[in-house]
Amino acid sequence: MEPIIEASAIIKIYRAGSTSVAALQGVDLCVGDGEFIAIMGTSGSGKSTLMNILGCLDRPTKGEYRLDGIPVHKMKPDEMAAVRNEKIGFVFQGFNLLSRTSAQENVELPLLYDRTHRMKNPREAAADALAQVGLGDRKHHDPNQLSGGEQQRVAVARAIVSRPAILMADEPTGNLDSKTTVEILDLFKELNNQGMTILMVTHEWDVAQRARRIIEMCDGRIVSDKSRSHEKALPSHLCLSIKEPDRGGWICES
């Protein structure tokens, strides 16, 4: 499996006046093309900071980051933006949809910033993406006419409309009920089976169980990195009824 993400000795320090906070403290991470990874940790563990750096939304204070072989850590902001738009799709806890804009028009938005013009017909591409997430018949509906699960599906369609290599999801099920959570995770699994690399930040152990590899963070460091490829897959209707086990010391304490 070829690596698509290679992060080495990543350090991120935030400064406010004379105060410095080390959000990441020497993170090393390699992600193979086509993996499905869950990144877990309590608030302040560094998981979202790491996601922002891997997603080219921020740059490390120190360290090297290569995305599909491209040395992102050496790039200027506009170069990072171009790589981000070409290679990464984002899904967030808040759906971040424009309220007075149809589902199809929301999905078309990323294509307006695509300098490569890979999609010759943005409207057709948006319709195809909505059909892929099961909302082909809802493309003319505004967000307030859609359920929470349908809005998140629109957000997923927007993330994949430009056919990125990587889907990054930050707490994508945080605003959803358990049934809808299963539906979104099933959709992620389907996209992963089609070859898309998925990185998902979550604090919910039962949600992380749907990934094939689970990374746990604490105090800006990776403290556990385990593959679930050798384990028997859990039925989707059971995954959300599993309670977090006592794994001894995962809670991040300072």
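Me: Which residue in β8 is the bridge partner of Ile37?
Reply: The bridge partner of Ile37 is Leu199. This is a predicted model, in which local features need pLDDT of at least 70, side-chain atom pairs count only at pLDDT 80 or more, and totals for chains, interfaces and linings use all residues. Residues are numbered from 1 along each chain as its sequence is written, and side-chain values use heavy atoms, with hydrogens and water left out.

Me: How do you know that strands β3 and β8 pair?
Reply: Two strands pair if DSSP finds at least two bridges between them; strands are DSSP runs of E with at least two residues, and helices are runs of H or I with at least four, numbered from the N terminus. Four bridges join β3 (residues 36-40) to β8 (residues 197-201), so the two strands pair. They run parallel.

Me: What makes β6 and β10 edge strands?
Reply: The open sheet has six strands in the order β6-β7-β8-β3-β9-β10, with mixed pairing. Both β6 (88-92) and β10 (221-227) pair on one side only, and they are therefore its edge strands.

Me: What makes helix α6 pack on the sheet, and what is its direction?
Reply: Contact means heavy atoms within 4.5 Å, and helix α6 (residues 178-193) touches β3, β7 and β8. Its direction makes about 150 degrees with that of β8; such angles run from 0 to 180 degrees between N-to-C directions, with axes fitted to C-alpha atoms, for helices over the stretch in contact.

Me: Why is Asn192 called buried?
Reply: Buried means under 20% relative accessible area, exposed over 50%, and partly exposed in between, with a 1.4 Å probe and protein chains only. Asn192, located in helix α6, has 4% relative accessibility and therefore counts as buried.

Me: Which residues does Asn192 touch?
Reply: Leaving aside residues up to four places away in sequence, Asn192 touches Gly34, Glu35, Phe36, Ile198 and Arg212. Phe36 is 156 residues from Asn192 in sequence, yet their C-alpha atoms are 6.6 Å apart in space.

Me: Which classes of residue does the lining of the largest cavity have?
Reply: Its lining has six nonpolar, one polar and one charged residues. Ala, Val, Leu, Ile, Met, Phe, Trp, Tyr, Cys and Pro count as nonpolar, Asp, Glu, Lys and Arg as charged, and the others, Gly among them, as polar. Asp170 is in the lining, and Asp counts as charged.

Key
On a 1 Å grid over the protein atoms alone, a cavity is a set of points where a 1.4 Å probe fits but cannot get out, and a pocket is an open set with protein on both sides within 12 Å along at least five of seven lines; lining residues have an atom within 4 Å of a point.
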